[in-house]
Amino acid sequence: MKTAYTNARIVDPATGFDGTGTLIVSDNTIEAYGADADTSGCTETIDCGGRVLCPGFIDMRAHAVDAASALAGGITTIILQPDQTTTIDTDAVVERIRHRSVDSQIVSVYPMGAATQGMNGKQIAEIGQMQQSGAVGFTDCNQAVADAQVMRRLLEYAGHFDALIVQYAENAELGAGAIAHEGEIATRLGLASAPAAAEAMQIDRDSRLAELTGARLHFALISSKDGVDAVRAAKARGIRVTCSTAPHYLHLNDNAVEGYRTFAKVRPPLRSEEDRLALIAAVADGTIDTLVSDHSPKSADVKRLPFAQAASGIVGFETLLALSLAPVHAGKIDLMTMLEALTINPAQLLGLPTGTLAAGSFADFVIFDPDKPWRIDADTLISSAKNTPFDTLPVQGQVWRTVSDGVSVFERA
Amino acid sequence: MNKHSTDQSSYPRADVDPPSGKLFPHKHLLGIWGLDPTAIKHLLDVADGYVDLNRQPVKSAPTCAGLTQINLFFENSTRTLMSFEIAGKRLGLDTISMATGNSSIKKGETMLDTAATLNAMHPDVLVMRHGDSGAVKLLAEKMDCAVINAGDGRSEHPTQALLDALTIHRRKGKINGQTIVISGDVAHSRVARSNIYLLNAMGARVRLVALPTLLPADVGELGVEVFHHMEDGLAGADVVMMLRLQSERMNGAFLPSLREYYHFWGLTREKLKVAKDDVLVMHPGPMNRGVEIASDVADDLDRSAIEEQVEMGVAVRMACIDILTKELRSGTGS
């Protein structure tokens, strides 16, 4: 069966193509795209009405699968973090998750394995076997591998398999117990806090180790200007480091936790306005490689607690696109760069066959209306929990269709 | 009027009535942050009246008879708990105190469940202390009755700041224009935060004097002058408020030793020489003698107001309970 998606603004960050045309899908494979794509033999034609058609988003950091929510957000590939009920630190767990993903067929789930056994920061996990079973990266999630000797050996070992190590960029000692960004707000609210220097220090140290070992290293969730500067400096030295951030760091500063609003409690913490602006600039200039949702559904029971006790995290799948588009609409980041950070950049880092519209690749793509205004409403989120600090926020840009493996799996009227 | 003028008026009176027309237009007392000078002055005026009552042989003023006060303390306390209990009893409330350090409420039940349980018992005043910043505010959102914050984490301890202000006002005649030093472990102190907000609102000049490890980040943004040397910070001071150094900070992580701390930051007669002759010395208690304060300074009858602070504490808490239940009492005709 062949389907033609006509009248689309096709944006393929893998090639830099941005133009109006038609995309031809044959079963679960993209056959061709372009202004003059051959529609002969197509049994179905879908008029995209001039909307943007781009590869399905690859969310490099999610703590739950929450498939329906992901598809509503245009996400066709989820990288599941190892901090599950059963920690993903053996090939058996990796295989189980991969099998489930293949069975479900609607959204691709690739796990990241733990970098150290039980994420204890001490013994290197079975990276080789987990990689063979389908793990696409290795991380201790929300804690940095603190011991420099362990980190060095981890990078050396992972380098042998060309496996990607993802490090949470926070010095463990400075960050111990911290729940807020060090500054006036944390001082006034009386919240334990850590300075942005804790992030930059970890990046500096581990960049040295990446240089020493030649391994690939990715820093998750950069949240500060100092952190961005540290990554920029490491890249300038030719070290194989990359990094990500999440749209909430582009959108909010630490004012959001005023009144002890636990829905804005995230790790790393929301930082100053200067940090926020530096992050937007770093996405624009490519210092930050990927945008992730850090999707983390938490029930009200674990959020409606005193700030120090409340769980960290927000649900991010369904707001990923709209929040990422905000700096695009503001003229701070161009659309192609933003879409690179959501598609081809994570695909290349993780060695995935998706993130492109090239002929012959899997038909995973999203069609969205970049300008459509809507209001985020926590109650109508499909997500398994509603913990978002963006409730009632007016935004622009909404998913119209999500196509996964050739099948239209999410449609909005 | 200049903020730091030496005008003899007691408080910088607000030029206009508060928008609601009430002197204290709040349901709870969760902190000093957000209170305007009119509301603070009203609390202090009412408290001042209770000081006189508390010095009478018969101290009972059962204006709140029949109302129920629950003191819910998730953190150990002796003096604050007792002060609230006496305040409630003198006003005629039925007071019940729960120190949950040794109760099943502490673990297992969420705070909001606790709130629902307490709410069902229809208290009229809930006094709460908790180890987490913001915890009292969270609970107050679910309570129908007035909630008084008796200290939450490192956030606020409003009745302590009010009793300190009342002490200063009675001893100095005014707060406006006074140079007031807060010295010690500011970083971990809710007392310091509430005092900074209150003294700033009332027009005092607030100085912090502490070693860098005991000062929180960007504290200068709160409208204070920051000093690291006692000699600099104490120069010309009208009032010195010492803070308690918690024992867990003494083990080398924040400062090397008690000996060294006392040498540089302990309040002694010698260091006090640069302050004004009639400097008032205060401490929220309990004191570590020979750590943050020398015994001869603490016991100096002319300058130390430490016992008076405790006395003012009862009066201030009576005023808070009185004011927060006023509408309730007029509504029920009692």
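**A guided tour of chain A and its cysteines**

In chain A, 70% of the contacts between residues at least 6 apart in sequence join residues at least 24 apart, a contact being heavy atoms within 4.5 Å. This is a predicted model, in which local features need pLDDT of at least 70, side-chain atom pairs count only at pLDDT 80 or more, and totals for chains, interfaces and linings use all residues. Residues are numbered from 1 along each chain as its sequence is written, chains are lettered from A in the order in which they are written, and side-chain values use heavy atoms, without hydrogens and water.

Begin by selecting the whole of chain A. The C-alpha trace spans about 65 × 45 × 40 Å along its principal axes. Of the 413 residues, 60% count as buried, that is, under 20% relative accessible area with a 1.4 Å probe, protein chains only.

Next, select A:Thr6. This residue lies in strand S1, residues 2–12 of chain A; a strand is a DSSP run of E, at least two residues, numbered from the N terminus. A:Thr6 is buried, at 18% relative accessibility. Among the residues that A:Thr6 touches are A:Gly21, A:Thr45 and A:Cys48.

Then select the cysteines. Zero disulfides are counted over all chains, a disulfide being a pair of cysteine sulfur atoms within 2.5 Å. The sulfur of A:Cys141 has its closest cysteine sulfur in A:Cys243, 17 Å away, which is too far for a bond. In chain B, B:Cys145 is in no disulfide either, and its nearest cysteine sulfur, that of B:Cys64, is 13 Å away. A:Cys141 is buried at 2% relative accessible area, and B:Cys145 is buried at 7%.

Technical notes:
Buried < 20%, exposed > 50% of the residue type's maximum accessible area, 1.4 Å probe, protein only. Helix = DSSP H or I, 4+ residues; strand = E, 2+ residues; numbered from the N terminus. Lists of a residue's contacts leave out its neighbours within four places in sequence.
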